[in-house]
Amino acid sequence: MAQVFFPDHLAHLTHGTRKLVADVASFRELLAWLEARYPGIGDALVGKVAVAIDGDIIHDPFLDPIGSHSEVHFLHRIEGG
Amino acid sequence: MSEVRNFRAIGQRVIRPDGVDKVTGRANFGADFSLPGMLYGRVLRSPHAHARIVSIDTKRAAKMPGVHAIVTGADFPGVQSEEITGGEGAGNYKDLAVNVMARDKALYHGHAVAAVAAASIAEAEAALAAIKVKYEKLPAVMDVDTAMADDAALIEEDLYTAGLPEKPTKPSNIAMVMELKRGDVEVGFRDADVVVEETYRTPTVHQGYIEPHACLATINQGGQATVWCCTQGHFDVRSSTSKVLAMNVADIRVIPSEIGGGFGGKTTVYIEPVAVLLSKKSGRPVKMTMTREEVFRASGPASATKCVIKIGAKKDGTLTAMTAWLAYEAGAFRGSSLAPGAMCIFAPYKVDHFLIRGFDVLVNKPKVAAYRAPGAPQSMYACESLLDELARKLDLDPIDLRLKNAVEEGSQAAYGPKFNAIGFRECLEAAKRHPNYALPLGPNEGRGVAAGFWFNAGMQSSAEIHINENGTVTVIEGNPDIGGSRASMALMAAEELGVPYDRVRVQIADTESAGYTNVTGGSRVTFATGMAVIHAARDIVGQCKQRAAATWGIDADMVDWQDGHAVPKPGVNADVKPLSLADIAGNAARTGGPLLGRASLNARGAGPGFAVNFADVRVDPDTGKLDVLRYTAIQDVGKAIHPSYVEGQLQGGAAQGIGWALNEEYVYDANGVMENAGFLDYRVPVASDLPMIDTQLVEVPNPSHPYGVRGVGETPIVAPLAVIANAAHSATGVRIRELPLSPPRVLAALEG
């Protein structure tokens, strides 16, 4: 089961829960899993935040695989200069 | 994913292909393009830092000789609120449109209020002088303390702070509040033997790119525009211009020129939409160039900041708790680089209890833009300075203090995820061993140490590779070459294809000729676009193996690619001789047509960059002037594709950071007017100010890249601010917690 972490500024999307455990195999599945539990959460995440899956930061994830022991963190989008 | 291999091309210090044209003046930069019948565009700018625009009268100016078109905010379409899906500080297209041309209020001194296109620059400027603007002056809000006060004048009357549990009952200048935390800082401070807390300030500074913003725009009667401009991202110029002018992106072609520096400051638009609109209104091509004064007053500097840091530690140096209160100026529109500043500040250290609270604050200054590791130099200056103060209190070597707490592979970063392979500890150990660290110091001399961190970015890139009929190689990609990326792309293509570097040419193509590619920024080009080039080259190799197999009448999986040749695998019973890339390209018509490889990707796993820098400075006790005697920059670069250009990034970042620490600042008068809008008074370091910057490349491969590459362009500017501040303390015995450490400020501190 993947562990999914929400930072403080996004925890309101999960009614204050900062850590979830999800049985998913991809970010696409995670989004669907989250949407089923927190309707509308996708609109607040997609295109607005970045995601780190097992330490790799990704802008605009979707098809990216998530392993059974993966850690998924939502975080601010970073572009740099 | 990173492969252990012996490289042939990677790591060679080849000559950059664009170098000769750039040093001989042949290269075309933003202001070098012209078209027949071209007009010159100039911008009228607000003389007030904050004022309501009551009226603009252009009637007299429109009748002046040579004037073909005038535009004001009223000529621009209304733009709906829409967040720009970039990174930190990207902001909102509605704000971008108002920044390009003011509507009802002028929000900073230099804010554009009208623009003229005329047959000559002199005629355009004469017309500007004839435009009558009636202003109602408003109080100028020029720093975070004033802006955050309860009774502050509001810059945006309907701005309600985001990031709070409940929407506030009244508007304020605080656009956003953010928080990052772990553990319980009260517990952490209770466990500490020593607690230190201080406040640090940094000024508004500019990237200081040598080439001012410049563009040429033309739009035909069908409404299709072409824009030549100097930019870090021509696809972003296209999308921003389309939003500001409500045009279809398909009707805007952007052709990037060579670029004379950007450092993040050329990732947005200022004059490009204005030039397109003037061209539309006049029916002529319009060229616009900013003066240096305009660049300072009306492009995007880096945030001034106020940072309050508190650190608790055990006697042995183990960190027990850290807190940061960060206020970043956003300029006149929301969207500073607060978030990465907050995410970077404690990233290098293991600490169980921390709390970071940050504020994005509007002031009457130009909207800030990205500047090399946006946000990180300011916050890490504060943290790395306080760590130095802590090391002194604990009587610890500053490198040992950092080694005691350094993150490593598997550590949970303060911003969330666990680190994969990183080289912070290796950099600290290299610094400790470096001969410069053991050199004796003389009178009035001191040594400072600090660490730097930056995430690095991946994002979207595209590349095509064409094999010409003689086997030479053309790489086509979409990132303007700022730091030698043509050479790096050519090296990677040469490595994969097994051909000499001098057989490869790299073209930076326009928005209609290259696949979509994100900006040249975020230290992403060698990593992400390089990965696209590698994949495109592997596409070519795959095709070549198929062509060779077809030629020989064997299966493609029985063919290897070695040293630029297709060869049969061992054991293949075929009497054939290896086929070179030139052989296969020369026979392409018979085996399926031209060889074209391509790749597009959204790169993940950029691999964060850590640096450790140290420097020796000498203070002149009579004048307060600080001289940098030696500077040593050590950084984990993953794998250096072109070591000289990687070293150049370390040296350039150090030079900019030293300038930020020693002299650079926007100086404002009481009315919010910048008083030093030129390089004579805004002093960037020049060659004679600096010693040779010594570099040491640490190579801990990034496991997410085929060669181990991690971005290198931004991390180098993060550490120098604290390095110089810590060295200045060491040299003078006095701690100054506000930058820059200019001679008057240092002398005043010395005199108590």
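Predicted model: local features only at pLDDT ≥ 70, side-chain atom pairs only at ≥ 80, totals over all residues.
Figure 1. Contact joins 37 residues of chain B to 24 residues of chain A. Three residues of chain B stand out here: B:Pro417, B:Met459 and B:Arg604 lose the most area to chain A. Together they make up 22% of what that side buries. Counted over both chains, about 2500 Å² is buried between chain B and chain A. Carbon and sulfur atoms account for 52% of this area.

**Figure 2. A salt bridge links B:Arg604 to A:Asp64.** The two side chains meet at 3.5 Å, N to O. The cut-off for such a pair is 4 Å, so this one qualifies. Across the interface of chain B and chain A, three salt bridges are found. B:Arg604 is also one of the residues of chain B that lose the most area to chain A.

**Figure 3. Polar contacts and the chain B side of the interface.** Between chain B and chain A, eleven residue pairs are in polar contact, with both residues at pLDDT 80 or more. Which elements of chain B each supply at least two residues to the side that touches chain A? They are strand S7 (174-182) and helix H10 (338-344). S7(B) gives the most, with four residues. By class, the side of chain B that touches chain A holds 16 nonpolar residues, 13 polar residues and eight charged residues.

**Figure 4. The largest cavity has residues of both chains nearest its centre.** In the whole structure, a search finds four cavities of 30 Å³ or more. The largest has a volume of about 120 Å³. Its lining is made of 18 residues. From chain A, A:Gly55, A:Asp56 and A:Ile57 are among those nearest the centre. From chain B, B:Gly607 and B:Pro608 are also among them. What classes of residue form the lining of the largest cavity? Nine are nonpolar, six are polar and three are charged.

**Figure 5. A cis peptide bond joins B:Leu739 and B:Pro740.** Omega is about 0° at this bond. B:Pro740 sits in a loop of chain B. Helix H19 (720-732) lies on one side of that loop, and helix H20 (743-750) on the other.

**Figure 6. A:His15 has a positive phi.** The angle is near 55°, in a residue other than glycine. Where in chain A is A:His15 found? It is in the loop between strand S1 (2-5) and strand S2 (19-22).

Notes:
Residues numbered from 1 in each chain as written. Chains lettered and ligands numbered in written order. Heavy atoms only, no water. Contact = heavy atoms within 4.5 Å. Buried area = accessible area lost by both parts, 1.4 Å probe. Polar contact = N/O pair within 3.5 Å; in protein donor to acceptor, adjacent residues only side chain to side chain. Nonpolar A, V, L, I, M, F, W, Y, C, P; charged D, E, K, R; others polar. 1 Å grid on protein atoms, 1.4 Å probe; cavity = no way out; pocket = protein on both sides within 12 Å on 5 of 7 lines; lining within 4 Å. Points joined across faces, edges and corners; volume = space filled by probe spheres on them.
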